[in-house]
Amino acid sequence: MAQDGQVTVTGTVVEAETGMPIPGVNVIQKNTSNGVVTDFDGNFSIEVPPNTVLVISYIGYATREIDVDGSTELEISLELSTDALDEVVVVGYGTQQRRKVTGAIEQVDGEKLNETAVLSIDIALAGRVPGLTVNQTNAEPGRDEARIFIRGIGTTGDNSPLIVIDGVANRGGFSRLDPNDIESVTVLKDASAAIYGAQAANGVILVTTKRGKEGKPVINYSYNRAFVSPTREVELADAALYAQSVNTLASQQGQPDIYTQDQITAFENGTAPSTNWFNAVYKPNSSQERQNLSLRGGGEAVKYFVSMGTSFQDGLIRGDETSGYKQYNVRANLDAQVTDNLTFRLDLAGRKEDRKFLQFENATIYSSTMRAAPDILATIDGLPARGRERQNPLAIAQGPGYLGLESNIFNGLIDLNYDFPFMEGLSIGGWMAVDVNDDFRKHFYQPFTFYEDTDGDGELDPVKAGPDFNNTFLRQDNINRQSVTYNANLNYIKSFGSHNLKGFLAYEQNRIESNDFFAQRNGYQSTQIDQLFAGSANSDFQSNSGSATVLTRQNYFGRVSYDYDSKYLAQFIFRYDGSSIFPEGNRFGFFPGIEAAWRISEESFLKNNRIISELKLRGSYGELGNDRVDAFQYLNLFTLGGGYVFGGSNVNVLTPGVAANPYITWETVRTYNFGVDAGFLRDKLTFSGNVFKQIRDDILGPRNVTVPNYTGLQLPDENIQKVENKGIELESLFRNNVGDLNYYIGGNYSYIKSEAVFLDEGDVYPEDYQRAEGHPVGSTLAYDYLGVYRSEQDLETYPGLNGNARIGDPYYRDVNGDGDINNADRIRIDLNNVPQIQYGFQLGGDYKGLELNANFAGQARANQYLRYSFSNGNNAIAYFLENAFDPEANPTGTLPAFNRGNNVLSTLWLRDVSFLRLKSIELAYNLPDKWNSRIGLANSRISVSGFNLITWDNLKEDGLTDPESVNIEGWQYPHTKNISIGFKATF
Amino acid sequence: MMKYLRKLNTVILGLTTVLCLTSCSEDILETKPLNGYSEVDVFADAALLQNFVNGTYRSLRTPFRDENTFTDGLTDNAYNQHGSAENQIRRYTRGEVSADNGEAITFNLWADSYYWIRQTNLFFEQIENSSIEESELSRMKGEMHFLRAYNYFELLKWYGGVPVLTETFELGQDSYSVERNTIEEVVSFIVEEANLAIEQLPSKTSLPGGKASKEAALALKARTLLYAASPLFNEGGDQSKWQAASDANKAVMDLATVSLVEFENWDDMFRGDVDTEVIFERQYTQENSQGWGVNLWLFPNSNGGWATITPTQDLVDSYELTSGELPKESGEYDPQNPYVNRDPRFYETILYNGAPFKDGTYSPYLDFEDPSNSELAGLDSRISPLSPHNASKTGYNFRKWTQEHRGEQSGNLGPYIFYRKTEFFLNYAEAQIELGNEEESRDALNVIRQRTGMPPITASGQELVEKYRNERRVEFVLEDHRFFDVRRWKIAPQVLDDPAKGVEVFRSDSGDFLYNYNLTADENRTWDDKMYFLPIPFDEVQRSGGTLEQNPGY
């Protein structure tokens, strides 16, 4: 029954290509919330005014608007939207349509990287790709790159993946690219990486930058400002706890009290000051900013993308105007269609990265904060006080010294491609890339000033601390690295009926040359001028040196892809790689990959199935190499260095390196992958899964067990170790729309575990259960902590470590049951700070210009050693002091007495660093068109986002460090989170 | 495959010459290292070979190499704090030494020594048919014989008999098994090597300081023979070994090219300012100093030092009064005014309450009325307003080896002295006691006593032995002797089983001091007879295939 002026419109929605009805389609009266969804047979019924417009939309199809125009029965057909099917995946030396991919390849849209406001953009990959471990182990501005592994740890050697930017390997600097310039990031996890041969064993990350698009020029401007703060405050002991603990420790050592009860009481009731050094040194927040301006457009002949960006971040230490990170980047990507057959491409990118740090090692600065006694002041009258060992970070931060790292980076590429007119599908191409990195390092090491009343007149006096005159210095290093790559390729693409063929053959060579030198002068009388000439004129106080390296590679490779009707797919990849790292005769290796896939959903029995829209089985096998080892290991080398003194003068000294290994070669991994890709309800719901196994042979390692030290041989690494790595990866994504609300929810999970198969362990362990073989790479030996000796009875019950035990010591499990606790009782600990399980989920959506995106990243089965050291003058985290057992002061303490057992690795100090983190969340509003046109913009968007805002983990409750920290005592720059505001405009 | 690819390559290459220009070539993979020399060059070129020999001097291990490497901290002389002391030194002095942690106190002596021994063996193998002139080679040979002997002596001191290896091993040998040689065999090898060095090396008068000389080789041989005659290494009590020790030490004692310093220069010697007495040392410069430096480790807290190693009360008590009596024997000694009229070496070796140091005074005291008031406490006290954890835990600091005129962080720029002439007077005296010639012994001993300004020793029998041992102790503080002396004399159970003690000083309002001797720095020192030698590292025994026999007790 129609209401006033309303009519009931019924209809059926079908797929245009097949005429099949589509269930679940949204049918909405335009500009209202009045809507219905089609039933299983594609039918709907809706009450609307007679002359309205219906919006018909469904994920995977092009949205249509239908003018009802008085009709009450409609037959609506929807065209498949081409986006989803024609999505292009970068595969290394080419691209493939998503549906034709046969390997384990993941691709992240560049836009996603922009959701996280961080200057090291690799961090933004965390949680987004199954099998990709992304941990930020340090948050210091400029040193905050993520630690990335593809499919975990597969070797005892170098596990870092190969990173390829716009087709050129080893360019470096991925983390410092401007996210506004990035089109996509692709991860090759299996045999598909074989196209990178001897460098591909740890997987490959392909980064593609944006290129020009046909259309009128579009200017984009974006601005983002973030407020960065520590993820958490490490809960250091306050003065009362500290003083009490110092006394307890002294009494345990048979020494008298250091603090009187009166003093402790004064600390407790606040009449004597207690310094919270964490808060005294670190600001609640620092700032970070990124801006980008780009122009994109083009005609038929020339397309262009040009962009320029700046970013900066400053440090968290109060009063520190030295440290920080600044970046400027420019890029111009041009494509020209010179003639019908000839294309020309030119990419130019430049980047300037300026890093400044304080003059001391990080360990000095951060441990001076964490260890400073809380009964000493951080500042007096606002001026930095002495601090721990005259190393108050506040004083260091205000001093004239610094460490500056300036990098100027140029990446250029020129590419020509010619389509042969006489043979369709055949083309030839060649490109040359030049990458230059100029690093300029400047370390000015100078005294700094703290304040105290040295002469007792009640006035503060400046006191110089840090290096004395002879040890002040300025050191400048120049490191110039250049890499030149040439590539020539022959390509063929052709379809014969249902047979589709695509392939290429290529030759590539690369030479990387690095030159460095430094000069240093000591003895700076003044800090006014930080230049070499201002140092000592005495030549004993001047030094310089320089060196160089050259690395070359020569490669032949190709790929053939074949499919029958997009149903049966196969691909063969090979690479024949030569490298100057290895001796002549041993330089070249052959790396094949083979992949096959069957798209069951294209078979007649599944084609046009209403539920299953895509079902693909994939399998691959490949042999990949890892050549990331030091060059010239096949030679006996003697290097100058070390130095010695005769008659008061330095003399040259030659020191032999490790013995030569004339047989050295690369590691080889055999990788097997089996995968499934599925889509349901026209890909509204997608699922993808992989199981894989990698067997890596010829890993370089020393024969540490079979060759004794008394031979005096500095053993070379030999290709003897073997590691297996297995895992499973799952991911799923559900996208839907309800009226104007589009939303998605997706998740991924991976469990990856390595096993050291052979490490040449011989009989070196007293007990078989101590062998590293059979355990994951990176396993350690540790005593199994059971408890604390609390009584004489405990001392009699449990044997002591190496026969010694006192009340308050930890006791350990007698694993071999021989009545003694010694090194034979250590057990293998499999977990370390590279997680075996990682997962992530993403959810979000948009509604009428409002957008929300959230990314959660989590990890499990990961451990980190976290321990402390404490003494009079060295504070520790409150948790450790509060819980340290003492028969009188703290008889219920759950940890051993102060410092007991913290010099041996035991399960006592092992902490579970599983976590789930709201890695990023972004709320954005796209301004309505009418507002935009009023201010002369095409589009504009304002956003608020957060990074690392919420973390669930097991360390927080004990006041310990961030779970991503890998410093065993927490002496590290605090991990950070941020909240940012952003603005984007398109002209 | 390769052939086919090459052909293909040529085709593609031809088509892209424009891009490739001239840089594509077949020998692109031929590169050479730009940061070092190959072994062929090194052993054929006299200058490079000398550089290699120079490098082998880096095997000389001094207590300046790192924090906590003075062996006195493992004896009744001193107490170590900080860093590895908490772990390694304390673990050792508690008797918790085992086959897998013994190397912690030597900082991997076993592996290091054999690493350097291999360099010397490689040298002798490679120069066999060398084209380098014999005149140029001969001195280098002497240096390498000396260094090989030095390294074997280090091993002998710590482990007893060790495998004497004179040839290099190859990679990929079927077996690397070796057996330990006896102490006698190691000693005779060291003596042989030292004799070759004595033959081939010139006198130190013609050499720059720090170079191995004929005198250095004589000294090495003399010390080795003294050790070899001592009870720990001479289980049968073979008197002829004492005779050999006596002769070798007499030879060094009688050297005309080195002479004892006057006592007024005794302290300058340890700062590197006077070297007449020095037979062999390792020198340092700004660029070639190791670690943070001895000043930082030894300086008191008031001067920015770490007080890493500090004297015990037991050491302080071993300094005689100027009368020649020990405090415990003397009626004149006043424990409440303890630092007057002591052996002059006391004042040059130890910083005690009231000792002048740099621009100030060493002040470890607490206020008598209010011992917890850090305002009234001395800057070197354990509640110092400076860095209390860097305060001495014994109430004393060391002065010896410090370079007072330099800052605390100036590296170790003074030399470390391995052999100086005084030692050989004392070594000779020891041998003469054992040979029953007390008169001869006292004469040698009294040369040193007289130089110091202490009254001559007249004692005999066991009393003479005690006097001699005490003389050696106070003369050689922080010179790497005490640790080995108490072992080779086998008196460790008597001296290394006691807590490390210090003194607590209080200052009254009137400025008087009160000394309390009940302060304990380390209660848990234990001696176990297995500690006479270090264990052979566990891994090494395993790797030898079981042919290396472990030392007793491990």
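Select strands E24 and E25 of chain A: 18 bridges join them, and they run antiparallel. This is a predicted model: local features need pLDDT of at least 70, side-chain atom pairs count only at pLDDT 80 or more, and totals for chains, interfaces and linings use all residues. Residues are numbered from 1 along each chain as its sequence is written, chains are lettered from A and ligands numbered from 1 in the order in which they are written, and side-chain values use heavy atoms, with hydrogens and water left out.

**Stop 1**

Helices (H or I, at least four residues) and strands (E, at least two) are DSSP runs, numbered from the N terminus. Two strands pair if DSSP finds at least two bridges between them. Click A:Gly412; its bridge partner in E25(A) is A:Val434. Now go to the turn. Six residues lie between the strands of this hairpin, and A:Gly425 takes a positive phi near 95 degrees.

Stay with E25, residues 426–445. Of its 20 residues, 14 are buried, so the strand is largely enclosed by the rest of the structure. Buried means under 20% relative accessible area, exposed over 50%, partly exposed in between (1.4 Å probe, protein chains only).

**Stop 2: A:Gly399**

Select A:Gly399, in the loop between helix H7 (393–398) and strand E24 (402–419) of chain A. Is A:Gly399 buried or exposed? It is buried, with a relative accessible area of 10%. Leaving aside neighbours within four places in sequence, A:Gly399 is in contact (heavy atoms within 4.5 Å) with A:Thr322 and A:Phe448. Then draw a distance to A:Asp69. The two C-alpha atoms are separated by 78 Å, and the residues are 330 apart along the chain.

**Stop 3: the five-stranded sheet**

Show E10, E15, E16, E13 and E14 of chain A. In that order the five strands form an open sheet with mixed pairing. Its edge strands are E10 (105–109) and E14 (168–169), each pairing on one side only. Inside the sheet, pick E15 (residues 182–188) and E16 (residues 204–209). They pair in the antiparallel sense over six bridges. A:Ser184 has A:Thr208 in E16(A) as its bridge partner.

**Stop 4: A:Arg599**

Move to strand E32 (residues 588–599) of chain A, which holds A:Arg599. This arginine is buried, with a relative accessible area of 2%. Beyond neighbours within four places in sequence, its contacts include A:Arg99, A:Ser566 and A:Glu614.

**Stop 5: the A–B interface**

Color the two chains. Here 97 residues of chain A are in contact with 99 residues of chain B. The area buried between them is about 8600 Å², of which carbon and sulfur atoms give 59%. Buried area is the accessible area (1.4 Å probe) that two parts lose on being put together, summed over both.

How many salt bridges does the rule find across the interface of chain A and chain B? One. Zoom in on A:Arg587 and B:Glu30: they form a salt bridge, with the closest N and O atoms 2.8 Å apart. The rule asks for a side-chain nitrogen of Lys or Arg within 4 Å of a carboxyl oxygen of Asp or Glu. On chain A, strand E30 (residues 542–564) gives the most to the side that touches chain B, with eight residues.

Finish where strands cross the chains. Strand E34 (residues 637–640) of chain A and strand E1 (residues 37–38) of chain B pair in the antiparallel sense over two bridges. Select A:Phe638; its bridge partner is B:Tyr37.
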